[in-house]
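Let's take a walk through this structure together, one region at a time. Have the sequence and the 3D view open beside you as you read.

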Amino acid sequence: LNALQAEGGMMLAAVAADFARIPQFDVVALRDHRFDDLALPGVRMVDVTSSAEFRLAFRSEVAASDAVLLIAPESENVLLNLAKRATELGGRLLSPSSDLICVASDKLLTRQVFARHGIPHPDAVELTVESDGTVCLPRSFTYPAVVKPADGAGGERIRYVKQGGTVSVGHGTRWLLEAWQPGIAASIGVLASGSQVQPVPPFRQDIAPPDFIYRGGSPLEGPQLIARARDLGMRTAEALDAASGYFGIDFVLGEDPSGHDDVVLEINPRLTSSYVGVRELTDDNLAEAMWQAANGESLPLTFHRGGGRFTVG
């Protein structure tokens, strides 16, 4: 079981349980037959054994559903293609639309949005992949830095580099070199509906070089840090035209207490693992709030302190 599969299973179990608590909902989930140990009480499971079977089941269930929530990685356009297909089939997305996914799935395109709206972000350059699958890191860049895929998810394939040189990355995607920003790695979830933007409590991320394996998170503590995180989250969400649904924003809170060094890293146009912890900090139902947001209703979520820590694995 790799990290993305573990995170996906956690998110699915949590959000499916929340939807199952809504009396008028019948919840259906597609499941790879190899994960038959993933039990979701109150949820009808549709097991698929191949890509072709998945496509048939996806078409059938989306067409028969009142709403669709997608949980998939952005890499290789998996999430984007599912969103487009769901929309073509007449599905009503509770997760972000393909417009937001298109921007957020390309970290270079995301940086253009950040630059236009004055959202602080690390310096970055696109790398040229040579025929042998290597990239040459410019010696003039500021190091340390990270090499990362432009469409990556979950910290996969990110590497920490201390100086210029040659790095093997393989083929199949675009790559960028991004300046390393010291500080607290954190994220915040946002539920958006038209002009309404509801942030949820920010979480500290348990992730660090050199392996960048995401191990979980805990609620961010300290009023100043929380205020800085909320400010970054709201500014970023408001810079995204017509953003909708529940999505996450990753950032680093720098060492300067004023927030001068804070930077936004990327947007996750989907449910994120911190949902598992956030749902423990409210007596409201986050899944029901997604449904309400899709219907243009207000988002009266309230949160409390205590708990919320989670681990991946």
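**Starting from one proline**

Leaving aside residues up to four places away in sequence, proline 199 touches Ile188, Gly189, Val190, Arg230, Met234 and Phe303. Please keep in mind as you look around that this is a predicted model.

Where does proline 199 sit? Its place is in strand β10. Is proline 199 buried or exposed? With a relative accessible area of 6%, proline 199 counts as buried, because buried means under 20%.

Strand β10 leads us on to a pocket. Together with α6 (223-238), β10 (196-199) is one of the elements that give two or more residues to the lining of the second largest pocket. How much space lies in this pocket? The volume is about 330 Å³. Its lining is made up of 16 residues, and those nearest the centre are Pro201, Pro219, Leu220, Ile226 and Arg305. Sorted by class, the lining of the second largest pocket has 9 nonpolar, 4 polar and 3 charged residues.

Now let's turn to another part of the model, an open sheet. In which order do its 4 strands lie? The order is β3-β8-β5-β6, and the pairing is antiparallel. At the edges are β3 (124-127) and β6 (159-161), each of which pairs on one side only. On average, neighbouring strands of this sheet are turned by 30 degrees against each other, direction ignored.

Within this sheet, you can follow strand β5 (residues 145-149) alongside strand β8 (residues 175-179): the two run antiparallel and are joined by 5 bridges. Valine 146, for instance, has glutamate 178 in β8 as its bridge partner. Finally, look for helix α5 (residues 107-117), which lies across β3, β5 and β8. Helix α5 runs at about 45 degrees to β8.

Conventions. Residues are numbered from 1 along each chain as its sequence is written. This is a predicted model: local features need pLDDT of at least 70, side-chain atom pairs count only at pLDDT 80 or more; totals for chains, interfaces and linings use all residues. Side-chain values use heavy atoms; hydrogens and water are left out. Two strands pair if DSSP finds at least two bridges between them. Axes are lines fitted to C-alpha atoms, for helices over the stretch in contact, and angles run from 0 to 180 degrees between N-to-C directions. Contact means heavy atoms within 4.5 Å. On a 1 Å grid over the protein atoms alone, a cavity is a set of points where a 1.4 Å probe fits but cannot get out, and a pocket is an open set with protein on both sides within 12 Å along at least five of seven lines; lining residues have an atom within 4 Å of a point. Grid points are joined across faces, edges and corners, and a volume is the space filled by probe spheres set on the points. Ala, Val, Leu, Ile, Met, Phe, Trp, Tyr, Cys and Pro count as nonpolar, Asp, Glu, Lys and Arg as charged, and the others, Gly among them, as polar. Buried means under 20% relative accessible area, exposed over 50%, partly exposed in between (1.4 Å probe, protein chains only).
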